[in-house]
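Open your viewer and get ready to select a few things in turn. We'll go from the meeting of two chains down to a single residue.

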Amino acid sequence: MTDSIGLTPYLLIGALLFVCGAVCMATKRNAIGILMGVELVLNGATVNFVAFAHYNPAFEIEGQIFALFVIVLAAAEAAVALAIVLNFYNNHTTVDVDTAEELKG
Amino acid sequence: MDFLYPLAFWLFAALIAVSAIAMVVTQNIVRAATWLLFTLAGVAGIFFLLGADFVGATQLLVYVGGTLVLVVFGVMLTAQGPFINLKIGAGEWAIAAAVGLGFFSVLAYVLVGFEPKVPANVAVRQAPHKAEQPLAVGAAAGSLPLADNPETRSYHSLASAAVLGEALLGFEKTAPDSPVTGVRDIVTVGPGGTSSQVKIVKERTKMAYLLPFEIVSLHLLVVLIGAAYLARSKRRRGATS
């Protein structure tokens, strides 16, 4: 496999995904939109893990295994967050996080 | 044929960038879910390009096939009437765009020109199934480091699913030279290559990723029960009371 790309473009893709996810989390008013932003942030971190695993032979196994852990834990996080959102929707008939002030406790 | 690899990379990079930005910009939650699908598929393609076949396949199976279907079902169950298009003001857009551009500029400024330093005297693990000689002998004989050895280089460019599984289960040849955290201890093997240092490394390879693997499996069970409990139907209690 040719390594003509280098490490930096992969890290830039990871940074772009991270920034898009952070902005998405900050700007979306729909609770599921915020969840999608979290998925983007986790994907950015995973791209960084796999890129370092490829370009740094000392971390080859570790990077891929951490990427697998991130994917599995993101699936679990999405399941719990969607359950919470659906529960909130059943109780309040809205998914707008600006109106979710009753959750302050 | 050397142009195929950069071509594929830039195609996937453009796909990821366009769909991620479009997902942030769009106001429609259904369209955002569709853009997220293309983003995740592009990231899987990047994984394949990086030689991480199993991680890419897992990304496609778990993320695109599982998590995204979950998100789409959540969208379908809640997207009614005004919740499909929840708009925010122009001032908030301006602030978000400024913060995002500034954040990305800082990251890009740091990343451009960045090259990781691999210390020359790191005792990297031996390649599995090829490591006939002990570590100290290789270091004493002055053989190439693992990254420069063409025979082991081919192994390093492709960690198959079997190697990942052996690392998870703690097989000795592929287990990381580190405790459970996975952060590798940098063990300097001197010119003499004393075997005591190598013995320390060998004693710490027992755990590998078996404990995190079990923790993740237990975590998935807890999440399964918790999600089913949170999202359960409450009509039965309302019917009886």
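Before we start, a word on "contact": two residues are in contact if their C-beta atoms, placed from the backbone, lie within 7 Å. Keep in mind, too, that this is a predicted model.

**Stop one: where the chains meet.** The contact between them takes in 65 residues from chain A and 77 residues from chain B. Now pick out the side of chain B that touches chain A: the helices giving two or more residues to it include α1 (4–25), α2 (29–49) and α3 (53–78) of chain B. Which element gives the most? That's α3(B), with 13 residues. Colour this side by class and you'll get 58 nonpolar, 15 polar and four charged residues.

**Stop two: a pair of helices.** Select residues 7–27 of chain A, which make up helix α1, along with α4(B), residues 90–111. Their axes come within 10 Å and cross at roughly 160 degrees. Angles over 145 degrees count as roughly antiparallel, so that is how α1(A) and α4(B) run relative to each other. As for handedness, α1(A) passes α4(B) in a right-handed crossing.

Show the side chains here. Among the residues that meet are L11(A), L12(A), A15(A) and V19(A) on the α1(A) side, and F103(B), F104(B) and L107(B) on the α4(B) side.

**Stop three: the largest nonpolar core.** Select L17(A), C20(A), I32(A), M36(A) and V50(A): of the 72 residues in this core, these touch the most other members. Both chains take part, with α1, α2 (31–55) and α3 (60–92) of chain A giving two or more residues each, as do α1, α2, α3 and α7 of chain B. The most come from α3(A), with 14 residues.

**Stop four: one histidine.** Finally, select H54(A), which you'll find in helix α2 of chain A. Is H54(A) buried or exposed? A residue counts as buried if 20 or more other C-beta atoms lie within 10 Å of its own; H54(A) has 26, so H54(A) is buried.

What does H54(A) touch, leaving aside its neighbours within four places in sequence? Look across to chain B: H54(A) is in contact with L50(B) and G51(B).

Methods:
Residues numbered from 1 in each chain as written. Chains lettered and ligands numbered in written order. Predicted model: local features only at pLDDT ≥ 70, side-chain atom pairs only at ≥ 80, totals over all residues. Helix = DSSP H or I, 4+ residues; strand = E, 2+ residues; numbered from the N terminus. Nonpolar A, V, L, I, M, F, W, Y, C, P; charged D, E, K, R; others polar. Axes fitted to C-alpha atoms, helices over the stretch in contact; angles between N-to-C directions. Parallel < 35°, antiparallel > 145°, perpendicular 65-115°, else oblique. Left-handed = near helix turned anticlockwise from the far one by under 90°. Core = buried A, V, L, I, M, F, W, Y, C linked by C-beta atoms within 7 Å. Buried ≥ 20, exposed ≤ 12 C-beta atoms within 10 Å, placed from the backbone.
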